[in-house]
Amino acid sequence: MSSGIKIAIVGGGLAGLAAAMKIAEAGHDVDLISVVPVKRSHSVCAQGGINGAVNTKGEGDSPAKHLDDTVYGGDFLANQPPVKRMCDMAPEIIYLFDRMGVPFSRTQEGLLDFRRFGGTLHHRTAFAGASTGQQLLYALDEQVRKWESAGKVNKYEGWEMLSLVLDDAQVCRGLIAMNLQTLELKAFAADAVIMATGGPGLIFGKSTNSMTCTGSATSICYQQGAKYANGEFIQVHPTSIPGEDKLRLMSESARGEGGRVWVPKADGDARRPQDIPESERWYFLEEKYPAYGNLVPRDIATREIFQVCLEGHGVGGENQVYLDLTHIDPETLTRKLGAILEIYEMFVGDDPRFVPMRIFPGVHYSMGGLWVDFEQRTNIPGLFAAGECDYSIHGANRLGANSLVSCVYGGFTAAPSAIEYAKNVERGASEVNGIHDAELKRQQELNDAVIKSEGGENQYQIHEELGKWMTDNVTVVRYNDRLKATDEKILELQDRMKRISINDSNLWATQAVPHARQLSNMLELARVITLGALNRNESRGAHYKPDFPDRDDENFMKTTIAEYSAESPVFSYEAVDVSLVEPRKRDYSSGKSKSH
Amino acid sequence: MSTNGHTEKKRLTDPPATVKFRIQRREKEGASAYWETFEIKYRRNLNVISALMEIRKEPVTVDGKRTTPPVWDMSCLEQVCGICTMVIDGRVRQSCSALVDDLLLASGGDTISLQPMSKFPNVRDLKVDRSQMFEHLKQVHAWIELDGSHALGPGPHVSNELAQERYALSRCMTCGCCLEACPQYGDGNYIGPQAIAQARLFNMHPVGQITKEERLDGLMGDDGITACGNAQNCVKACPMSVPLTKAIYETNRDITVDALFGWLKK
């Protein structure tokens, strides 16, 4: 029996699948649109674990402490009520995945095991080896497959969203998507649309993100009137493995399990790391942050590593430091971190159980995203957002192992919220008055224009230049003159984008046309990120300006809101709800400063 | 600092100035296949994906002919999503983790050949359609039956040993290497090792066991477990070291037990 309610979900990662499961379970129909088969979504890349204050280690952990760690780690930029709800729900979420059969690591009693992660002093992170994201995604994929078999979920895998369908009152009535094989366009009428499209890492060229993480779909929503919040807050993960095609993540769990970061005390020390004695190594994180050591939050670890290399102390004078696990028993390492150590060995050739890894920071996560209220509603009626593509939980810096829990929380909150909306929305008129056909036609014309364009510019060249400028100027350390220059560069790239020539005469399953559409959207979002950073004259979490080194709560304890206009994003600022945990200075050099 | 049991990897010491990629092309499903060769400058740390990205940017063959860019699938580039699987120098594997240095070291030459997997519909060039693998997962009910996703407390106590055994099966990324390597798989006559191993994954779980027979039912037809020819290629081809043959053996045992004693329950 159908309830007559249909909800379209864009994105089949953890957040999208979490929402799909809840909506199908409530008896409603789901159209699930994803650029890749959902089981291959970027959530598979999450390694270390999922946070929840289950408190099985007798440490007195609690959701209240999880809340405090999260908002403190986020440098007091997150609205606190939804963070509290997430932390309260987190133990339930972990238990649910346990019931779904996720092979979490266990204790000797057969209970869930927990490890430590950055920005907390508690064992709060449940994990399945070192591929927790993969395991959680698979569990939801399996549950949603069950609903697919039951006819409640229709998957459209290999389809990419091109636009929302909005009626005259700016109410979202569905979306237009493109079949990536045939380039056929289709209108998906829906009572509500949930965006669960992940992060925009590809704007920075190389990042730890999957190649599907363009941010294109969120940028489309922004260009159609959705507010985009805190875009300038981009997390650069302290430990990634530099590569030609991408920066591969080396999970924080490597440090959670005891990994130590160091460089040789003597610059340019040419000895093999295993030949450098303990006394001639500089464990700079442990020295500067005795309480948290190697497990300071990511923004801090990243800046310290970046600075050490900038000052010429990197291994071999290059942009790399050692992440060392070799003091730990190899069998324990294989059991607890096998999957990530294999990745390192596979791509670098050294076995991290015996040779210290060489790592450097890499763009990893966007704290910013579509603005949502506490029920995951965007400012466009009928449009919801969940997961990395929404801005709501992490403030100015995300703590490790909070992303998986925030994805599921977001999906579990967006689903009932969208159902409630769909039950009450006035329907009928939008299907008959032709708005879906009109939008489909508009998108077809945009596609045709891209295909016909013949100006000689190379889209991949433009993407490379965007990535380089963004990485050089809008990541770890930010200066206003360079941010201004970057925005000018983006404008130049946008201009050149109008003159690209698609280099594929065979349109069947072509990657060139989708990439061109994505890139146009990425450029719009790049401006939001860059100008948001330019306007924020303070340092907070992942956003660091040497010319404004301090946090400025009076002027900037505010959410940045960007709204689209044809000339330039229009910025405004919104007060942050800090009603639960009083803001205090963030200081990880001794134990965390007291809250309650 | 022990280095017991640790051997250093053999490295390519005299790389060529350029590397050639011989790529099997196809315009679309049903069209005839042809080969084109591209050449790029050698660099350290190249993998097949970064070479393909470079070729895609300026698709000109080694003979100087401008052509269409080769199409392939890629996503995570960390060998965990499974999407970029193809046949490289005759061996099925992920193209993200196929390092050019290792390939050249193994072949002793300067040319690397790329082909699409042969057991699945070839969409274009190196891209294939593996949706049948997900259909197989439906056939074996590869999920746990829940009363609902509302809060019902923790799952059952599970020994870490069992959790680790299941984790090994659960790392399957549906890439299709096992099916490409299996001599029995193709034309819909055999469900193949991946689905059997996923059935095993859930049958091993204390709650999954309750609906074990539904999963075994999906494996008892002509395309089921009896179609396995015991070639054992699957386990050698699996990039995630999923114990596929063990899963097949154990599932076969379950089916036999079920067939022998199942009637007693009816």
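**Two sheets in chain A of a predicted model**

Strand 10 of chain A, which covers residues 192–195, is joined to strand 19 of chain A by 3 bridges, and the two run parallel. Within this pair, Val193(A) has Leu383(A) of strand 19 as its bridge partner. The model is a predicted one, and the predictor assigns the complex an ipTM of 0.96 and a pTM of 0.96; for chain B, the mean pLDDT is 94, with 96% of its residues at 70 or more.

The pair belongs to an open sheet of 5 strands in chain A, arranged in the order 6-2-1-10-19 with parallel pairing. At its edges stand strand 6 (153–157) and strand 19 (383–385) of chain A, each of which pairs on one side only. From one strand to the next, the twist averages 20°. Helix 1 of chain A, residues 14–25, packs on this sheet, where it touches strand 1 (6–10), strand 2 (29–34), strand 6 and strand 10 of chain A, and its direction makes about 165° with that of strand 2.

Chain A also holds an open sheet of 6 strands in the order 13-12-17-16-14-15, and here the pairing is antiparallel. Strand 13 (248–249) and strand 15 (281–282) of chain A each have a single partner strand, so one side of each remains without a neighbour in the sheet. Helix 8 of chain A, residues 298–310, lies across strand 12, strand 14 (260–264), strand 16 (321–324) and strand 17 (357–366) of chain A, and runs at about 60° to strand 12.

Note on methods: Residues are numbered from 1 along each chain as its sequence is written. Chains are lettered from A and ligands numbered from 1 in the order in which they are written. This is a predicted model: local features need pLDDT of at least 70, side-chain atom pairs count only at pLDDT 80 or more; totals for chains, interfaces and linings use all residues. Two strands pair if DSSP finds at least two bridges between them. Helices (H or I, at least four residues) and strands (E, at least two) are DSSP runs, numbered from the N terminus. Two residues are in contact if their C-beta atoms, placed from the backbone, lie within 7 Å. Axes are lines fitted to C-alpha atoms, for helices over the stretch in contact, and angles run from 0 to 180 degrees between N-to-C directions. pLDDT is the predictor's confidence in each residue, from 0 to 100.
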